[in-house]
Amino acid sequence: MLNIAFIAHDRKKEEIVNFVIAYEHVFHGHKLYSTGTTGLRIMEQTQLDIHRFMSGPLGGDQQIGALVAKNEMDLIIFLRDPLMAQPHEPDIIALLRLCDVQGIPVATNIATAEILVKALDRGDFMWRELVHKYKPGVEE
Ligand SMILES: O=C(CO)COP(=O)(O)O
């Protein structure tokens, strides 16, 4: 079981909902997280149970970042809006930076998300199970 987070900016919400519907079967069985509104929208349209953090502008990106800092997040699908400034841009940059610090797979557009989810389905993420196994205190 891997820890997966969904995040989408407002103009990308419909895109992430449709994406998660399309790959719902792949996400079943994993522990799912999201920022507040993104998770609500996904749960309204799927059977998935998602642990929702705060809304992004109120600190949700940072809450997910805290798990990333501990290397406890295995995959992040973060559909960013590249055409609109966000009030919490520093939080977004911080989250992506921490993904690079820990080497955590993160998709910021739908094309990359699709490739990563197909890899997840194929079992290509099993190396993350080893990260959990050899890091004491990390939740399975
Ligand atoms: O702003 C966000 C990510 O930076 C997303 O937050 P919401 O899912 O609460 O809209």
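Which residues are buried in H4? In this predicted model, the buried residues of H4 are Gly60, Asp61, Gln62, Ile64, Gly65, Leu67 and Val68. Seven of the 10 residues of H4 are therefore buried, and the helix is largely enclosed by the rest of the structure. The buried residues pack against four elements: strand E1 (3-8), strand E2 (31-34), H3 and H5.

The packing of H4 on H5 was examined next. Two packed helices are described by the angle between their axes and the distance between the axes. For H4 and helix H5 (residues 89-102), the axes come within 9 Å and cross at roughly 15°. Angles under 35 degrees count as roughly parallel, so H4 and H5 are roughly parallel to each other. The crossing of H4 past H5 is left-handed. On the H4 side, the contact involves Asp61, Gln62, Ile64, Gly65, Val68 and Ala69. On the H5 side, Asp91, Ile92, Ala94, Leu95, Leu98, Cys99 and Gln102 take part. By class, this contact holds eight nonpolar, three polar and two charged residues.

Helix H1 (residues 13-22) packs with H3 at an angle of about 45°, and their axes lie 9 Å apart. H1 and H3 are therefore oblique to each other. H1 passes H3 in a right-handed crossing. From H1, the contact draws on Lys13, Ile16, Val17, Val20 and Ile21. From H3, Thr38, Arg41, Ile42 and Gln45 contribute. Five of the residues in the contact of H1 with H3 are nonpolar, two are polar and two are charged.

Helix H3 (36-45) and helix H4 (60-69) each supply at least two residues of the shell around the ligand. The most is given by H3, with three residues. The residues around the ligand are Ile7, His9, Thr35, Gly36, Thr37, Thr38, Ser55, Gly56, Pro57, Gly60, Asp61 and Ile92. By class, this shell comprises three nonpolar, eight polar and one charged residue.

Asn71 is located in the loop between H4 and strand E4 (75-79). Just after H4, Asn71 takes a positive phi of about 60°, although this residue is not a glycine. Asn71 has 17 C-beta neighbours inside 10 Å and so counts as partly exposed. Asp74 is placed in the loop between H4 and E4 as well. With 23 C-beta neighbours inside 10 Å, Asp74 counts as buried, because the threshold for a buried residue is 20 or more. Beyond its neighbours within four places in sequence, Asp74 is in contact with Leu2, Asn3, Ile4, Phe125 and Arg128. Pro90 is 16 residues from Asp74 in sequence, and the two lie 22 Å apart in space, C-alpha to C-alpha.

Definitions and conventions
Residues numbered from 1 in each chain as written. Predicted model: local features only at pLDDT ≥ 70, side-chain atom pairs only at ≥ 80, totals over all residues. Near = placed C-beta within 6 Å. Nonpolar A, V, L, I, M, F, W, Y, C, P; charged D, E, K, R; others polar. Buried ≥ 20, exposed ≤ 12 C-beta atoms within 10 Å, placed from the backbone. Axes fitted to C-alpha atoms, helices over the stretch in contact; angles between N-to-C directions. Parallel < 35°, antiparallel > 145°, perpendicular 65-115°, else oblique. Left-handed = near helix turned anticlockwise from the far one by under 90°. Contact = placed C-beta atoms within 7 Å.
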